[in-house]
Amino acid sequence: MEATIAPQHDEHATTTGLDHRKMLMWAFLGSDCLFFGSLIATYLIYRGQSIRGPFPYEVFDIPYTSVSAFVLLMSSLTMVLALSAIQRGDERNLRIWLIATAILGSVFLGGQVYEFTLFVSEGVTVKTNLFGTTFFVLTGFHGAHVTVGVFMLFTLVGASFAGNVKQHQSINVELVGLYWHFVDIVWIVIFTVVYLVEAPAIEAAKAALGH
Amino acid sequence: MSHASEHDSSHPSPSRYVGIALILAIVTGVEVWIVYQSYLTDIMVPLLLVLSIGKFAMVVMYFMHLKFDSRLFAILFVGGLLLTLGVLTALFALFSRVYFA
Amino acid sequence: MATGTQTGGMLARPTSIEGVWGWVTTVDAKRIGMMYICTSMLFFLWGGIQALVVRTQLSAPGVEFVSPDTYNQMFTMHALTMIFLAIMPMSVGFFNLVIPLQIGARDVAFPRMNAFSYWVYLFGGLLLSMGWLFGEAASAGWFAYAPLTESAYASDRGMDFYVLGLLVLGTSSMAGAFNFIVTIINLRAPGMSFFKLPVFVWMTFITSLLLVTAFPVITVALIELMFDRYLGANFFVAAQGGDPLLWQHLFWVFGHPEVYILILPAMGIVSEVLPTFARKPLFGYSVIVFSGIIIGVMGWMVWSHHMFTVGLGTVAVGVFTVTTMLIAVPTGVKVFSWMATMWKGSLALTTANLYSIGFIALFVIGGLSGVSHSMSSSDFQQQDTYYIVAHIHYVLFGGSIMALFSGLYYWFPKFTGRLMNERLGKIQFTLLFLGMNIAFGPMHWVGMDGMPRRIYTYTSNMGWDFWNLVSTIGAFLLGFSILLLLHNLVRSFRKGEIASGDPWDGRTLEWSIPSPAPHYNFAKIPNVVSRDDWWARKYVTGDDGVTHPIPQGGAYAEDEEDVDVHNIHLPDGSYWPLVTAIGLALLGGGFAFHLAISVVGALTMLIGIYGWAFEPVNEPKDDH
């Protein structure tokens, strides 16, 4: 992604005037919708079909997950502030906001890892039942996407320190930003259709236990 | 430069971005609040869908700048999105234990 | 030789195009296209041998040519090889060779990703086929229905090679498709609006959009199967509430667009060849383009017609019956347009044209059996019989392969500078046409007579003996005709008649440059004025309907100027796509052997990606 567009001749102009790489990224994100859509479809088709527990309402901690959802949302803010900075030529703030984004992303990942290990200790693994299977694969692949994103963020930070992300090269930040925001919007969907919808069941279970 | 042109058009300022982030945070808070209101449980799903779609749209349009960029990008992305929604709907119908048992 | 590198040393980009290293590091779409075509022809031969083993096994009742388990591997791998390692890559080979030329570009949008796509295809194909080395090739049929594919029932590594091979190959297909989407949108010559594009470009575009949307779905299905097999997940485990039908749905949501991926490029090729050899424009250009778009969209609405017999329920079956019948309409429209193109044309029956005309006849037959499948009531009898096998082979062999071979004869001169032998071509075509019909025709009635597909053998009292023997004979005749084709390819490559830049008096831009195409494609990017622009430069059709050659026509004005072709800079080669591809192959393949290999693969990929991202852009060279 470091390769800049060489000095402009007619042969490097594009038919639409749009950058090849940006077009590629949007096409890729459109295609990634189908990837996550299929995983989400699997999760929702199998929701409520587990033969045995533990069930979501027994292990989900909505307040906890809300915090990590909030963290990821804020990372989108820091990401767009990073882009804004480099578009103004502010390389220092670029790095600050990129590092902030990477940190927030890493916090999110840490939160996921913690949540997963907690679930495992409570008896939910990928083998246990349909819930475990579909939950871990869906959120696991989302987490893998976030991890790739964090790698790219740190790469950009390094490149910036090496003086290779200048104002006229802001496209590289923009491309990573698009990917990052996408990962965030996928989580918006997952948070809602996986976690939030279980809240009534969680409350009902608590009530049944006399809480 | 072929990639500079899109940025000359309306460019939300940093404070605008912070404002949008604030809205996203508030909406998330509202969603969390809603699911704990037992009197809303019957309409919980549609409510959540509307709110989540709103958040989704705001991130895409503003943070991802799609509102201000070429419509071609929107076609590429929204095309994939619509196809996803179509396939999901069909799959839910096919696995619906109410109609197709 | 000055390379103008910024960092030098290891990150210096290779500049030579000579020798093996030149090919290994190439990012030139024409070379990549040739590699695709050669590799896919080899896999095609391999798939053909597998088919002949199947046909030998079925030539008479009670034959024991191979063991039942080997037989299962044979028909499974035959299908996988033909679909994923022969037809699709051959199409991609033509995309690479032809698309940049037809749109007036020098190369694709992402030359290194193009190279990456080829290497990943090669390695993915080897990975998919690797099971043969261990006697453990995939054996559950090419669509691998759960739960037969779960570890409990498929305990050997066959399904592992299936899952991992297809995951790797999917990466290749998607990378290539993204490349062509951006290329077609963004690298068209000035004046080349979408509705002036040759139909082959349109079909490539639609196919590429289908590829990038359909492959993610099978990726998920494969990942789910992989998790079931390796980590004991429950996606398709009925005992835990899993539903094997989920596999079928996810597979066919991919699988149906996949068959359009297999046929649309073929339809594109035919749409180029027929007008050229009729010396008439394609009839109903807009209609053909829109039909292609409609087929692409509707291809998403019909998938459960592969599942009519699983118990979907009346409503679902009814809906998919209707949508499937409807999708025949745009296809029929295309057939009529092709026929109208030939009507009153001055037909030259070159081998390329014979193949395209043959395509129409045979694809229509395949389409008719397809229409009979679309009616769920009749499909209940046809499902899983040889009637389906007949349909598949008429549309894929009589359809896709015929069109691809048409493309071979048609574009061979453009890339090799020589013509394929016409006499041999016509003999070869005739034998292939005969062999194909003798092999697959009888399968229609044998299937209607109840012969199931994928069976190892049959007894004599079923009444299938005679036609199975006929099919087998036809298959061997077909095989022989392919050997002739190979012979023609090799011989023509070495000493075929030298071809001019425009041996067919063609219509589209690729014929406006010399043969073989120079590495820069066009000395100067043309300014396009009309559809079939090259034809319009050569001929004008007066109001009287008579076509006259334009005096001094056939030259692009820009060519008159002195263009210093040495100043045209094209991207230098790169070895990082190959390194990254090796990494991906090891990452995938490692899961079938030892996790350590996957780790090495992942690291190699990481290094490859960073090398790719940070290698210097080639600078214009001072000395040349």
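Biologist: How do you know how much area chain B and chain A bury between them?

Modeller: Chain B and chain A bury about 4300 Å² between them, and 78% of it is on carbon and sulfur atoms. Buried area is the accessible area (1.4 Å probe) that two parts lose on being put together, summed over both. This is a predicted model: local features need pLDDT of at least 70, side-chain atom pairs count only at pLDDT 80 or more, and totals for chains, interfaces and linings use all residues. Residues are numbered from 1 along each chain as its sequence is written, chains are lettered from A and ligands numbered from 1 in the order in which they are written, and side-chain values use heavy atoms, with hydrogens and water left out.

Biologist: What makes a residue part of the contact of chain B with chain A?

Modeller: Contact means heavy atoms within 4.5 Å. By that rule the contact takes 44 residues from chain B and 48 residues from chain A.

Biologist: Why is the pair K22(A) and D69(B) called a salt bridge?

Modeller: The rule asks for a side-chain nitrogen of Lys or Arg within 4 Å of a carboxyl oxygen of Asp or Glu. The side chains of K22(A) and D69(B) meet at 2.9 Å, N to O. That is within 4 Å, so the pair qualifies. Across the interface of chain B and chain A, one salt bridge is found.

Biologist: How many residue pairs are in polar contact between chain B and chain A?

Modeller: Three, with both residues at pLDDT 80 or more. A polar contact is a pair of N or O atoms within 3.5 Å; within protein, one must be able to donate a hydrogen and the other to accept it, and residues adjacent in sequence count only if both atoms are side-chain atoms.

Biologist: Which helix of chain B gives the most to the side that touches chain A?

Modeller: α4(B), with 12 residues. Helices (H or I, at least four residues) and strands (E, at least two) are DSSP runs, numbered from the N terminus. The side of chain B that touches chain A divides into 28 nonpolar, 11 polar and five charged residues. Ala, Val, Leu, Ile, Met, Phe, Trp, Tyr, Cys and Pro count as nonpolar, Asp, Glu, Lys and Arg as charged, and the others, Gly among them, as polar.

Biologist: What makes the bond between G53(A) and P54(A) stand out?

Modeller: That peptide bond is cis, with omega about 0°. P54(A) lies in the loop between α1 (20-45) and α2 (56-59) of chain A. A cis peptide bond also joins A146(C) and P147(C), with omega about -5°. P147(C) sits in the loop between α4 (111-129) and α5 (158-186) of chain C.

Biologist: Why point out phi of K344(C)?

Modeller: Phi of K344(C) is near 65°, a positive value in a residue other than glycine. Most residues other than glycine have a negative phi, and most peptide bonds are trans. K344(C) is found in the loop between α9 (314-342) and α10 (351-374) of chain C.
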